[in-house]
Amino acid sequence: MPADAQEKDDTTPGGPVERLRGRLCRERVDVGSKSERLALLLAVAGGERVVLRRSGANPFRDPELESLEGQVLIVEGERRARYFLVRRYLVCNDDDASSD
């Protein structure tokens with residue numbers, strides 16, 4: 001690999017910042033593979049489900065996010081190849097969830 005080329009990994013900041021809104025749920029992902037697991041996902045408008053991983057937290061178990069399961073969140077961060085890296089989040093009131 002050339003010296004000036006860098007692969008972007010999970011610790012490289014600087015991806016485009018996105019904001020998503022949806023309901024936090026837990027579902028089995030990567031079914032049938034060695035990576036099969038229960039993961040926290042954000043169910044956003046249009047039916048898309050995005051696996052969430054909070055920056056600096058354990059990628060397989062995050063008690064802070066797990067405690068918010070079922071609530072509507074606005075998350076801000078970076079979309080990665082297989083998940084959304086959450087930098088910040090805000091819990092919304094259920095009556096604000098008109099798009100869910």
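Q: In what order do the elements of the protein run from the N terminus on?
A: The order is β-β-β-α-β-β, and the protein accordingly holds one helix and five strands. Helices (H or I, at least four residues) and strands (E, at least two) are DSSP runs, numbered from the N terminus. This is a predicted model in which local features need pLDDT of at least 70 and side-chain atom pairs count only at pLDDT 80 or more, while totals for chains, interfaces and linings use all residues. Residues are numbered from 1 along each chain as its sequence is written, and side-chain values use heavy atoms, with hydrogens and water left out.

Q: Why does Leu52 count as buried?
A: Buried means under 20% relative accessible area, exposed over 50%, and partly exposed in between (1.4 Å probe, protein chains only). Leu52, found in strand E3 (residues 49-54), has 7% relative accessibility and therefore counts as buried. Across the 100 residues of the protein, 33% fall in the buried class.

Q: What makes Leu24 and Val86 contacts of Leu52?
A: Contact means heavy atoms within 4.5 Å. Setting aside residues up to four places away in sequence, Leu52 touches Leu24, Leu40, Leu41, Leu42, Leu65, Val75, Phe84 and Val86. For contacts in the protein with a separation of 6 or more, residues 24 or more positions apart account for 49%.

Q: Which residues have the most contacts inside the largest nonpolar core?
A: They are Leu20, Leu42, Leu52, Leu73, Val75 and Phe84, in a core of 13 residues. Strand E1 (17-29), strand E2 (37-44), E3, E4 and E5 each supply at least two of its residues, and the largest share, three residues, comes from E2. A nonpolar core is a set of buried Ala, Val, Leu, Ile, Met, Phe, Trp, Tyr and Cys residues joined through side-chain atoms within 4.5 Å.

Q: How do you know that the side chains of Glu18 and Arg79 make a polar contact?
A: A polar contact is a pair of N or O atoms within 3.5 Å; within protein, one must be able to donate a hydrogen and the other to accept it, and residues adjacent in sequence count only if both atoms are side-chain atoms. The Glu18 and Arg79 side chains meet this at 3.1 Å. With neighbours within four places in sequence left aside, Glu18 is in contact with Val75, Glu76, Gly77, Arg79 and Phe84.

Q: Which residues lie nearest the centre of the largest pocket?
A: Arg37, Val51, Leu52, Pro59 and Phe60 do, among 19 lining residues. E2, E3 and helix H1 (63-66) each give two or more residues to this lining. On a 1 Å grid over the protein atoms alone, where a 1.4 Å probe fits, a pocket is an open set of points with protein on both sides within 12 Å along at least five of seven lines, and lining residues have an atom within 4 Å of a point.
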